[in-house]
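Here are my notes on the model you asked about. Please read them with the structure open.

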Amino acid sequence: MKSVIEILTEIRPEFDFAASGDFIADGMLDSFDMVTLVSALDKNWGISIQGTDIVPENFQNLQTIEALLRKSGAKP
Amino acid sequence: MTPIQTSGEVFDAVQRAKAGATAFCTNFFPVESKLRGWIDHGEMFVELRDRAAFFFRKDRDFLRFYFCAADGAALQREIAAWPGLKTERVVTDLVGNESAVNNLRSALEPAGFRQHAQLQRLMRTGRPESGADGLPVGFAEKADGPAVLGLIESLFDRYGEQLPMLYEIEAAIENRQILAVRNDSELAGLLFFETQGLASTVRFWAVAEKFRALKVGSAVMRQYLKIHDAVRRFTLWVNVGNENAIRKYRHFGYAPDGLIDHVLASGLGST
């Protein structure tokens, strides 16, 4: 299973996600990337993230994405 | 349609459509600062429907349509029932991969929406190259606003390409987001961009007809790349049929990244 940071790096290889605390403000993820990321997270963890949870606040940094995964039923 | 007075009304309407949604669908991803500008200028309207919220932005002689719906069926049923569709020119954008877009298209086409244009996103990654300087390029100034608007309106499709209003151009000039090349005092070319953090988007790159072949476009693009040396991701949207522009963008390192924007329209007739 891939880690969140591996998935992020596959989607946007030009950025260093480990060095950012706010992917949205830093311009590293836009709304289209979020949709791609949700699809990759769903597949990787065998979950289905709700459309209502696809909001920028849930994709700000690694911690908020991991919290979203837990909320969506992903097992560590 | 009800005029929107605050951005809170927008978010309340979105939440209302999301409540109990099983397959929430939307094409509305508002950037707070832009949304505030549209509201302040009286351009935003809302239509609350059963399990859906429709947002309309008045843009020149038509309405730009954004939707939030609990599922595709709610979208299809409620847009078909909205009376304004019979009297207004309405344009909407569907962005994403083919399967996601096709589901939404099949919800909108029964109501009369038809494809008007198709845009593709081009991306350029890595550090900008330092090219040779050409013609002198500077930032547009306040007095350039009407000329910038005139040049953009003369060269781009107002339905397909989300053209800015004069107040948006004036704000962009103030924020130093528009580079310009002048010939004597006349605006020969421009590049209008939006930069956030490590990403930058070209919104418009334009050269006036009579100044073509003078390398105005190259000069302004080189300057744009030069002043964005910290940016790692450059994007833009271009009409898939505009082969001339696509060739020029490729010259500067841009390439399609697979994202497509289907622009659908209703009521345009022969405009």
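1. Basis. This is a predicted model, in which local features need pLDDT of at least 70, side-chain atom pairs count only at pLDDT 80 or more, and totals for chains, interfaces and linings use all residues. Residues are numbered from 1 along each chain as its sequence is written, while chains are lettered from A and ligands numbered from 1 in the order in which they are written.

2. Fold of chain A. Chain A has three helices and zero strands. Its pattern along the sequence is α-α-α. The radius of gyration of chain A is 11 Å, close to the 11 Å from the globule rule for 76 residues, so chain A is as compact as a globular protein of that length. That radius is taken over C-alpha atoms, and the rule is 2.2 Å times the number of residues to the power 0.38. Helices (H or I, at least four residues) and strands (E, at least two) are DSSP runs, numbered from the N terminus.

3. Extent and burial. The C-alpha trace of chain A spans about 30 × 25 × 20 Å along its principal axes. Of its 76 residues, 28% count as buried. Buried means 20 or more other C-beta atoms within 10 Å of the residue's own; exposed means 12 or fewer; partly exposed lies in between; C-beta atoms are placed from the backbone.

4. Helix α3 of chain A. Which residues of this helix are buried? In α3 (residues 62–71), they are Ile65(A), Leu68(A) and Leu69(A). They cover an arc of only 100° around the axis, which puts them on the same side of α3(A). The arc is that of the directions from the helix axis to the C-beta atoms. Gln63(A), Ala67(A) and Arg70(A) are exposed on the other side. The buried residues pack against α1 (4–11) and α2 (31–45) of chain A. After α3(A) comes Gly73(A), with a positive phi near 95°.

5. Contact between chains. Chain A gives 11 residues and chain B gives 16 residues. Two residues are in contact if their C-beta atoms, placed from the backbone, lie within 7 Å.

6. Domains of chain B. The assignment gives domain 1 (2–112) and domain 2 (124–261); such bounds come from an automatic or database domain assignment. Their centres, taken over C-alpha atoms, are 29 Å apart. Seven residues of domain 1 of chain B touch six residues of domain 2 of chain B. Strand β6 (residues 90–96) of chain B gives the most to the domain 1 side, with three residues.
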